[in-house]
Amino acid sequence: MGMKCVGVDVGGTSVKIGIFEITGELIHKWEVPTRQEEGGKYILSDTAASILKTLKELNIPLEEVKGAGLGVPGPVMPSGYVEVCVNLGWRDMYPEKELSEMLHGIPVKSGNDANVAALGEMWQGGGKGYDDIVMVTLGTGVGGGVIIDQKIVAGKHGLAGEIGHVHIRDDETESCNCGGVGCVEQIASATGIAREARRKMASNDTPSVLRAFGDNVTAKNVLDAAKEGDALALEVMEVVGHYLGLALAQISMVTDPEVFVIGGGVSKAGSFLIDILFKHFDKYTPISKNKSGIVLAKLGNDAGIYGAARLILD
């Protein structure tokens, strides 16, 4: 039997866990609930107990496990130190060291969950076959991860890949959750797309199927309507495409990845979204015809466990 590795993706409601061949094949995946009480002190012990139990059930001895990777929802310092994970109640801890001790000393490496998801997409997802990718996750917020030479670029303050908080829009008046104004997240997230649609409906009389949804309009409503040729929805997506395309162009002038990998719920719009993005990205990168591609993520919610498992292979 070949060596195995374990990927752990710690989320606010559940901890996703996967056991992999070191070649990247997923053998088994499952979840355990995230117990947030008492400052999240049970999360790692619950995870470790579940891993040991499952390995036993699958007849995989611990000697055959190269190690475990851990994705956590907060910045991780190179030492493995985590100052805070707000969603978990964690403060001032070394989760990789604690989990390693609970798993009888097997190696554990940790990283920020968005960066780890990007690593997963590079390894076995939309970025497979590339060494340099930038992942952009368009969900409730906008996350990101930068991979250069198959390694996560976390930055000295854990802020590399915080694409959602790049300032992009000068005429924005509302504040972002980060405290900034005019962030990518405010226009390109699912929340941002819906808000842009509400603004457009309020500011003009263009007939649109979106008006039936009123203030409850969602990003999915907007994208579905835009695909059907709805004029107002297309206007909204042109604004979104402009700002996100501009952000990708700026990022490409700094990192020049082989591809941008677009994931998250909004990416379910598929090639329709990619085509709008590339049109605007292309417009803002006239310097060369040789430029980054834009592709869809493939691993969905499993990107985190794939990337966590990949962490331990370096």
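Which residue forms a salt bridge with arginine 169, and how far apart are the closest N and O atoms? That pair is a stop on this tour of a predicted model, in which local features need pLDDT of at least 70, side-chain atom pairs count only at pLDDT 80 or more, and totals for chains, interfaces and linings use all residues. Residues are numbered from 1 along each chain as its sequence is written, and side-chain values use heavy atoms, with hydrogens and water left out.

**The two domains**

Begin by colouring domain 1 (4-120 + 302-311) and domain 2 (129-297), into which the protein chain is divided; these bounds come from an automatic or database domain assignment. The C-alpha centres of the two domains lie 29 Å apart. Where they touch, 9 residues of domain 1 are in contact with 13 residues of domain 2, contact meaning heavy atoms within 4.5 Å.

Next select strand β2 (residues 14-21), where 6 of the 8 residues are buried. Helices (H or I, at least four residues) and strands (E, at least two) are DSSP runs, numbered from the N terminus. Buried means under 20% relative accessible area, exposed means over 50%, and partly exposed lies in between, with a 1.4 Å probe and protein chains only.

Valine 6 has isoleucine 19 of β2 as its bridge partner, and a hairpin of 3 residues connects β1 to β2. The hairpin formed by β2 and β3 has 4 residues between the strands, and glycine 24 in the turn has a positive phi of about 110°.

**The open sheet**

Now select the strands of an open sheet of 5 strands, whose order is β10-β9-β8-β11-β12 and whose pairing is mixed. β10 and β12 stand at the edges with a single partner strand each, so one side of each is left without a neighbour in the sheet. At the β10 end, strand β9 (residues 142-148) pairs with β10 in the antiparallel sense over 2 bridges, and isoleucine 147 has isoleucine 152 of β10 as its bridge partner.

**Helix α9**

Move on to helix α9 (residues 271-283), whose 13 residues reach 18 Å from the first C-alpha to the last, close to the 18 Å expected at 1.5 Å a residue; the expected span is 1.5 Å times one less than the number of residues. Which residues of α9 are buried? They are Leu273, Ile274, Ile276, Leu277, His280 and Phe281. These residues cover an arc of only 165° around the axis, which puts them on the same side of α9, the arc being that of the directions from the helix axis to the C-beta atoms. An α-helix has 3.6 residues a turn, so residues three or four places apart point the same way. The buried residues of α9 pack against β8 (133-138), α8 (231-255), β11 (259-263) and β12 (293-296). Turn the view to the face away from the buried side, and the exposed residues Ser271, Asp275 and Lys283 come up.

**Salt bridges**

The structure holds 19 salt bridges, each a side-chain nitrogen of Lys or Arg within 4 Å of a carboxyl oxygen of Asp or Glu. Select arginine 169, whose partner is aspartate 171, with the closest N and O atoms 3.1 Å apart. Arginine 169 is buried at a relative accessible area of 9%, whereas aspartate 171 is exposed at 55%.

Glutamate 174 and arginine 195 meet in another salt bridge, at 2.8 Å from N to O. This pair links distant parts of the chain, 21 residues apart, with glutamate 174 in the loop between β10 (151-152) and α5 (185-188), and arginine 195 in helix α6 (residues 190-203). Glutamate 174 is partly exposed at 38% relative accessible area, while arginine 195 is buried at 13%. Salt bridges that share partners join Arg169, Asp171, Glu172, Glu174, Arg195, Glu196 and Arg199 into one network.

For another pair, select lysine 41 and glutamate 38, whose closest N and O atoms are 3.2 Å apart, and both of which are exposed.

**A last stop**

Finish at proline 207, in the loop between α6 and α7 (219-227), where this residue is exposed with a relative accessible area of 68%.

Key
Pairing = 2+ DSSP bridges.
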